[in-house]
Amino acid sequence: QVQLVESGGGLVQAGGSLRLSCAASGKIFNINAMAWYRQAPGKQRELVASITSGGSINYADFVKGRFTISTDNAKNTAYLQMNSLKPEDTAVYSCNANVFNGRRWENYWGQGTQVTVSS
């Protein structure tokens with residue numbers, strides 16, 4: 001089994017910064033891609049940023065220039081550096097990873113971490 005554990009969420013004032021971490025553990029033979037999603041109350045989950053093992057990065061338009069996704073492949077960990085936070089960034093942020101677990105490629109999700117930005 002594969003587990004993803006997020007950390008780093010919290011309460012921050014508008015204009016502030018947070019750094020989220022997502023650590024993957026368990027039966028991991030390879031990770032093809034990792035991504036951050038978020039879901040605000042009453043809204044659908046949306047992609048924030050993604051990164052592939054080849055280094056291809058994709059950002060949602062609403063975070064371009066403010067957020068940076070990165071990975072530490074040796075630690076099977078993804079990060080999301082969030083700067084210039086806005087109240088509308090308030091949401092539960094969840095990590096997703098596409099992992100080969102020895103039998104097949106599967107998508108795994110973390111439990112999510114709350115990010116609250118006050119005005």
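Is Arg 38 buried or exposed, given a relative accessibility of 6%? At that value Arg 38 counts as buried, where buried stands for under 20% relative accessible area, exposed for over 50%, and partly exposed for what lies in between (1.4 Å probe, protein chains only).

The close-ups below come from a predicted model, in which local features need pLDDT of at least 70 and side-chain atom pairs count only at pLDDT 80 or more, while totals for chains, interfaces and linings use all residues. Residues are numbered from 1 along each chain as its sequence is written, and side-chain values use heavy atoms, with hydrogens and water left out.

View 1. Asp 89 counts as buried because its relative accessibility is 0%. Leaving aside residues up to four places away in sequence, Asp 89 touches Arg 38, Arg 66, Phe 67, Ser 84, Val 115 and Val 117, a contact being heavy atoms within 4.5 Å.

**View 2. Salt bridges of Arg 38 with Asp 89 and with Glu 46.** The structure holds five salt bridges, each defined as a side-chain nitrogen of Lys or Arg within 4 Å of a carboxyl oxygen of Asp or Glu. In the one between Asp 89 and Arg 38, the closest N and O atoms are 2.9 Å apart; this pair links distant parts of the chain, with Arg 38 in strand β4 (residues 30-39) and Asp 89 in the loop between β8 and β9, 51 residues apart. Glu 46 also meets Arg 38 in a salt bridge (2.9 Å, N to O), and Glu 46 counts as partly exposed because its relative accessibility is 31%.

**View 3. The salt bridge between Arg 104 and Glu 106.** Here the closest N and O atoms are 2.8 Å apart. Arg 104 is partly exposed, at a relative accessible area of 42%, and Glu 106 is likewise partly exposed, at 22%. Elsewhere, salt bridges that share partners join Arg 38, Glu 46, Arg 66 and Asp 89 into one network.

**View 4. The disulfide of Cys 22 and Cys 95.** The structure holds one disulfide, a term that requires a pair of cysteine sulfur atoms within 2.5 Å; in this pair the sulfur atoms are 2.1 Å apart. Cys 22 in strand β3 (residues 18-26) and Cys 95 in strand β9 are 73 residues apart, so that the pair links distant parts of the chain. The torsion about the S-S bond is about -80°, so the disulfide is left-handed. Cys 22 is buried, with a relative accessible area of 0%, and Cys 95 is buried with a relative accessible area of 0%.

Technical notes:
Helix = DSSP H or I, 4+ residues; strand = E, 2+ residues; numbered from the N terminus.
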